[in-house]
Amino acid sequence: MSRPGTATPALALVLLAVTMAGVGAQGAALEDPDYYGQEIWSQEPYYTRPEPEPETFSPPLPAGPGEEWEPRPQEPRAPKRATKPKKAPKREKSAPEPPPPGKNSNKKVMRTKSSEKAANDDHSVRVAHEDVRESCPPLGLETLKITDFQLHASTVKRYGLGAHRGRLNIQAGINENDFYDGAWCAGRNDLQQWIEVDARRLTRFTGVITQGRNSLWLSDWVTSYKVMVSNDSHTWVTVKNGSGDMIFEGNSEKEIPVLNELPVPMVARYIRINPRSWFDNGSICMRMEILGCPLPDPNNYYHRRNEMTTTDDLDFKHHNYKEMRQLMKVVNEMCPNITRIYNIGKSHQGLKLYAVEISDHPGEHEVGEPEFHYIAGAHGNEVLGRELLLLLVQFLCQEYLAWNARIVHLVEETRIHILPSLNPDGYEKAYEGGSELGGWSLGRWTHDGIDINNNFPDLNTLLWEAEDQQNGPRKVPNHYIAIPEWFLSENATVAAETRAVIAWMEKIPFVLGGNLQGGELVVAYPYDLVRSPWKTQEHTPTPDDHVFRWLAYSYASTHRLMTDARRRVCHTEEFQKEEGTVNGASWHTVAGSLNDFSYLHTNCFELSIYVGCDKYPHESQLPEEWENNRESLIVFMEQVHRGIKGLVRDSHGKGIPNAIISVEGVNHDIRTAGAWSFTQTPAECSGCESRP
């Protein structure tokens, strides 16, 4: 297919006519509420439904082996802008240069006359002449691509508030004034303070994003600043606004990120932020991200060695709800014999919770074939997991068509379920804010303000109370613990999404599962709730602790970064002593987690997989994040085949449903599924082979 811009005018007209004909033929199929209405237990093949309405100007989707995959193009999204609430002006510390009204470039999408004048008046710096709307991606302060050694500051209040902590969205430790605090803070409050980034190569800088200090008790942020660039870190050029230095408007509180675009892109190696005013009664404290495009440098071995590339032909972009549905349909059409799309329920706002099943007999539970699931997006703003699962769906389809023996075996011997977006309402909020401007929490909760991650019934307390009654009869089993009646009532504070997942897990006999989250780089295993009610952190193992440790390590050890002892901590926690894994309760206690519920109410062993420091990485980071997690995603699925499988029959050879399987030395039983099969996740199962 010819690239855009190479076709002749006549050919372009023909293609346009064909496209318009396709639009008219397919009409409003995508908007038909019944088109995606295949409910969870429907056996109807998804590809027998009518074609959906094509989307306008969508980026090309990857072609499968041996097939032409004609995408529906989609118009690229414009860069997002920070939305700052109108607040009463606060008294600021005096500064010689107050911000000129109406001159801050973050208030305009297109280049203003003043910025054009600045470009014409200033001949002392190199500027790129591309349109300012072509914003560059982040350099990587938040993703840690920029190392601590590339960040420098004039002064620091103490080490925990050093330049290395001046990263967008970085979180402080539990205690103020500890080793890991929530910003760079200058040692003095005067106009000579600065923080700078060494890009280590010539870079086209286009913008700066700032936040205040992450703190429960203190209010510190910068309200205005200058931007300077340099090629040698000695001679600095200040960004101009006409004939004078440009003053950029900073933050009006400490958490909402604020973007300022430079009036014209500037090419240099170093960029420096010089605070000019700050919140009254506060200090000079900042978190930031720099937008910049590194210029090609083929002679620099350091950068060529550290560049990450991928050979997988996948759709590396962020997908909103409509685009996610479309991508699922494209994969289903590529691999109709091994995929099925269904939904497990609806969100609070009525968006269907779509899942993709990948199996050699989609829609059918095969006796002895284990069921596996991945879930992502319980927190709507943790979008990396969502995109990784969409990439995984594409990858499995393509590799199956290419007869990759490993993937073919996995698909034919496993029933895989992938739910990429458990909280689509929250995701849409985060998507509107964008990759860098959404902050740390926008879109985290459901539309009705519920955190799905701890919205499941607390079965741990029921179990432990029964175990503590040593002299009385056991009233609670050690597995398949019933959900309390109060939780099932309509008045209970339970999200619609939570109820949908519970019904899904009760219907399908999952053996192993992982829920992908973001903001850290670690695999957490149950229990997530501490047993001692007066503690907030306490190692609380399950009876299958050795199994969970192995499962967690299987993911962490095959990830490119999780077990790297040289890597920098994301925020405050160091997880290297357990090789990139952690017992959830020893990290921070959570009552009613999905992991604990899954273990105590079903046969499923569930882990929380935190796939990246940045909850919402820029689109340009997705190929690298895919390479970081691809092998781990596959290896973890393969663990479902470790251990013992079997059928439970009576003396006449008839299957026995709900038969209890006990493992010697493990105080946690499992039960056979309705098809009378069982799969014991990898565990020491003494005598299991001889059990009926």
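Across the whole structure, a search finds 30 salt bridges, a salt bridge being a side-chain nitrogen of Lys or Arg within 4 Å of a carboxyl oxygen of Asp or Glu. The structure is a predicted model, in which local features need pLDDT of at least 70, side-chain atom pairs count only at pLDDT 80 or more, and totals for chains, interfaces and linings use all residues. Residues are numbered from 1 along each chain as its sequence is written, and side-chain values use heavy atoms, with hydrogens and water left out.

One of the salt bridges pairs arginine 167 with aspartate 148, at 2.8 Å from N to O. This pair links distant parts of the chain, with arginine 167 in the loop between β1 and β2 and aspartate 148 in the loop between α2 and β1, 19 residues apart. Helices (H or I, at least four residues) and strands (E, at least two) are DSSP runs, numbered from the N terminus. Arginine 167 counts as buried at 1% relative accessibility, whereas aspartate 148 counts as partly exposed at 26%. Here buried means under 20% relative accessible area, exposed over 50%, and partly exposed in between (1.4 Å probe, protein chains only).

Aspartate 245 and lysine 240 also meet through their side chains in a salt bridge of 2.8 Å, N to O. Aspartate 245 is partly exposed at 29% relative accessibility, and lysine 240 is partly exposed with a relative accessible area of 26%. In the salt bridge between glutamate 538 and lysine 535, the closest N and O atoms are 3.6 Å apart; lysine 535 is partly exposed, at 35%.

| Disulfide | S to S distance | S-S torsion | Handedness |
|---|---|---|---|
| Cysteine 136 and cysteine 293 | 1.9 Å | about -115° | left-handed |
| Cysteine 185 and cysteine 285 | 1.9 Å | about 115° | right-handed |
| Cysteine 570 and cysteine 613 | 2.0 Å | about -60° | left-handed |

Cysteine 185 and cysteine 285 are both buried. Cysteine 570 and cysteine 613 are buried as well.

Helix α11 has twelve residues and reaches 16 Å from its first C-alpha to its last, close to the 16 Å expected at 1.5 Å a residue; the expected span is 1.5 Å times one less than the number of residues. The buried residues of α11 include Val547, Phe548, Leu551, Ala552 and Tyr555. An α-helix has 3.6 residues a turn, so residues three or four places apart point the same way.

On the surface, Leu216, Trp217 and Leu218 form a nonpolar patch with about 390 Å² of accessible area together. Patches are made of residues with over 30% relative accessible area and no salt bridge, like charges being joined within 9 Å and nonpolar side chains (Val, Leu, Ile, Met, Phe, Trp, Tyr) within 5 Å. Leucine 216 is found in the loop between β3 (195-211) and β4 (222-230) and is exposed, with a relative accessible area of 69%.

Key. Accessible areas come from the Shrake-Rupley method with a 1.4 Å probe; for residues, only the protein chains shown count as cover. A disulfide is a pair of cysteine sulfur atoms within 2.5 Å.
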